[in-house]
Amino acid sequence: MPKLIIKDTDETIEAEAGTPVSDLFEFDGPRSVPFNCMRGICGSCAVKPVTNIAHLGEVHEGEKGTLEILALCPSEYRLLCQCTLVRDSEVELA
């Protein structure tokens with residue numbers, strides 16, 4: 001099973017391949033990635049992948065647009081609410 005590692009908090013979360021990353025976080029629990037809109041619009045869950053960006057699934061046009069508005073390069077950043085865990089991935093909070 002692939003793992004998602006949040007470098008800033010030293011969290012490691014394991015899940016089935018293809019799991020939406022937003023499903024991996026407890027909103028009232030100890031995991032601390034901010035998710036606000038859950039639609040890829042607000043940018044609160046922006047991260048910089050340390051590993052291959054493709055390990056978090058395909059980047060869609062809406063996500064690219066939001067990242068560009070936030071002045072974050074879509075080839076270097078992702079919005080976790082729009083990601084799918086494909087392979088082991090390590091990210092840093094933006």
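Modeller: Helices are DSSP runs of H or I with at least four residues, and strands are DSSP runs of E with at least two, numbered from the N terminus. Please bear in mind that this is a predicted model.

Colleague: How many helices and strands are there in the protein chain, and in what order do the elements run?

Modeller: The protein chain holds 1 helix and 7 strands. Read from the N terminus on, the order of its elements is β-β-β-β-α-β-β-β.

Colleague: What radius of gyration does the protein chain have, and how does that relate to the globule rule?

Modeller: For 94 residues the globule rule gives 12 Å. The value for the protein chain is close to this, so the chain is as compact as a globular protein of that length. Its radius of gyration is 12 Å.

Colleague: What share of the contacts in the protein chain with a separation of 6 or more comes from residues 24 or more positions apart?

Modeller: A contact here means heavy atoms within 4.5 Å. Among contacts with a separation of 6 or more, residues 24 or more positions apart account for 64%.

Colleague: Which strands pair with strand E4, and in what sense?

Modeller: Strand E4 covers residues 46-49 and pairs with strand E5, residues 78-79, in the antiparallel sense over 2 bridges. In that pairing, Ala46 stands opposite Leu79. Strand E4 is also joined by 3 bridges to strand E7, residues 89-93, with Pro49 opposite Val91. The partners of E4 are therefore, both in the antiparallel sense, E5 and E7.

Colleague: Is Ile41 buried or exposed?

Modeller: Ile41 is placed in the loop between strand E3 and E4. A residue counts as exposed over 50% relative accessible area. Because Ile41 has 53% relative accessibility, it is exposed.

Colleague: Where is Met38 found, and what is its relative accessible area?

Modeller: Met38 is found in the loop between E3 and E4.

Colleague: How many positive and negative side chains does the protein chain have, and how far apart are the centres of the two sets?

Modeller: The protein chain has 8 positive and 16 negative side chains. The centres of these two sets are separated by 4 Å.

Terms used
Residues numbered from 1 in each chain as written. Predicted model: local features only at pLDDT ≥ 70, side-chain atom pairs only at ≥ 80, totals over all residues. Heavy atoms only, no water. Rg over C-alpha atoms; globule rule 2.2 N^0.38 Å. Lys, Arg positive; Asp, Glu negative; His and termini not counted. Charge placed at Lys NZ, Arg CZ, Asp CG, Glu CD. Buried < 20%, exposed > 50% of the residue type's maximum accessible area, 1.4 Å probe, protein only.
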